[in-house]
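User: I would like to go through the labels used for this model and ask what each one rests on.

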Amino acid sequence: MGNQVDKMKLSHQSYAEVPTVDPNGLDTEEGPRIGVSYIFSTDDEEQEGDNSNVDGADREPHTGTEQKHYDKSNEVECAVYHREECIYEKSVKTADMETYSPEILLNKCKAGDLVEFVTTGQCPHWAVYVGDFQVVHLHRAEIKNSFLTDASQGRRCRIVNELYKFKALSAEMVVQNAMEQVGAKDRELSWRNAECFAAWCRFGKREFKMGGEIKIGKQPYRLKILMSDKQSHMLEFQSLEDLIMEKRRNNQLGRTSVVQELANHLNSVWEINSDPLSDPITAQTAQ
C-alpha cells in the first residue's frame, strides 16, 4: 500500500522551537544548533494576486505606480558554508547590494542574470532575466514567463549573480534552463521556491532541487547569521534546500526580529545553564 502523505507545511515560530539533537529542545553539547528540516514545506512567498504572465490572455495591465516599503538596514546578513567552504555570502554594506526600481534595473540586466525583488515583510522573490524585458520565475506553484516590471509587483530589485559562489553556466545555458521549464506547475515542479529555481537555472546544481541530496548523517551545511559586528549565530542543516528555507524565513522576518528572536533564545539557554539543577548547556554564540 505504501506510505501516503498529504501535502502539508512544517514551520516554527521561534528558535526555541527549532529541532535539536535533544528531544526536549535543548542543546546538550557544543557546536552549532541543528536547523529545522522543512520536509514538506513550500514557500508562501507572495499572497497577492498574480497578473504577470506574458502570454496570459486575461492579464490586467500592471500600473507600476505603487512602490512597496523596503528598509535596507533591516536585511539579515548571513553566510552559508558547505563543510569549510563558503558558498554564499550576503552583506548589505557592499555596493552590489544596492536596489533599484524595475525600470532602472532593466538598463543593467543581461540575459542570464539573477534578479532579486525585495520588500519589507516578504520573502525575497528571485527570477532569471531572459532578455527582451522579461524574466522566468517560480510564482504561485508555476514557472512563468513575465515582464520584469510586472514580476516586481512594486518591489525594489537588484542583480544577485554573486551571492552564491558556485561557477555559473553560460548565459545561453541559463536562459535555456529557464525557458524549458515555463509552464511547469504543481507536482511537475522540482523546486520549493523561486530562489532555488533561479539558482538552479544559473548554476545547474542538483542541490537546489527537492530531494537533490540524501538527508542522512552529519549536517554538512551551516548558516551563519550575523547578529552584530562581533556576534553571530550558527545553525546546521542536512541539505541546502532546507537551509535556504530557513534563510528565507529570516529574510521575511527582518534583521530586528531575527536578532531579538536569537537573543531571547540565547537568554533562555543561559538561564537554564545558571540553574544548579540543570545539565550543562552551551550557548552557541560565536564571538
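This is a predicted model: local features need pLDDT of at least 70, side-chain atom pairs count only at pLDDT 80 or more; totals for chains, interfaces and linings use all residues.

User: Why is the pair of Tyr164 and Phe208 called edge-to-face?

Analyst: The ring centres of Tyr164 and Phe208 are 5.2 Å apart and the planes stand at 90 degrees. Centres within 6.5 Å make a pair, and an angle over 60 degrees counts as edge-to-face.

User: Why is the pair of Phe203 and Phe208 called stacked?

Analyst: The planes of Phe203 and Phe208 are 25 degrees apart, with 6.4 Å from centre to centre. The limits are under 30 degrees for stacked and within 6.5 Å for a pair, so the label stacked applies to Phe203 and Phe208. Phe203 is buried, as is Phe208.

User: Which residues do ring pairs link into a cluster?

Analyst: The cluster consists of Tyr88, Trp126, Tyr164, Phe166, Phe203 and Phe208. The model has 10 aromatic pairs by this rule.

User: How do you know that the charged end of Lys108 sits over the ring of Tyr100?

Analyst: The charged end of Lys108 is 4.7 Å from the centre of the Tyr100 ring. The distance limit is within 6 Å, and the direction has to be within 35 degrees of the ring normal. Lys205 lies over the face of Phe166, at 4.9 Å from the ring centre.

User: Why is strand β10 described as largely enclosed by the rest of the structure?

Analyst: Six of the six residues of β10 (residues 232-237) are buried, so the strand is largely enclosed. The covering applies to both faces: Ser232, Met234 and Glu236 are buried on one side, and His233, Leu235 and Phe237 on the other.

User: What makes β9 and β10 a pair of strands?

Analyst: Strands pair if there are at least two bridges between them. β9 and β10 run antiparallel and are joined by six bridges, and Lys224 stands opposite Met234 in β10. The two strands form a hairpin, with five residues between them.

User: Why are β7 (143-147) and β8 said to stand at the edges?

Analyst: The open sheet has five strands in the order β7-β6-β5-β4-β8, with antiparallel pairing. β7 and β8 each have a single partner strand, so one side of each is left without a neighbour in the sheet. On average, neighbouring strands of this sheet are turned by 35 degrees against each other, direction ignored. For β7 the pairing with β6 (residues 134-138) is antiparallel and runs over five bridges; Val135 stands opposite Ser146 in β7.

User: Why does Glu172 count as exposed?

Analyst: Glu172, in helix α3, has 60% relative accessibility. The cut-off for exposed is over 50%, so Glu172 counts as exposed. The C-alpha atoms of Glu172 and Gly112 are separated by 7.0 Å, although the two are 60 residues apart along the chain.

Key: Residues are numbered from 1 along each chain as its sequence is written. Side-chain values use heavy atoms; hydrogens and water are left out. Rings of Phe, Tyr and Trp (its six-membered ring) pair if their centres lie within 6.5 Å; planes under 30 degrees apart count as stacked, over 60 as edge-to-face and the rest as tilted. Buried means under 20% relative accessible area, exposed over 50%, partly exposed in between (1.4 Å probe, protein chains only). Helices (H or I, at least four residues) and strands (E, at least two) are DSSP runs, numbered from the N terminus. Axes are lines fitted to C-alpha atoms, for helices over the stretch in contact, and angles run from 0 to 180 degrees between N-to-C directions.
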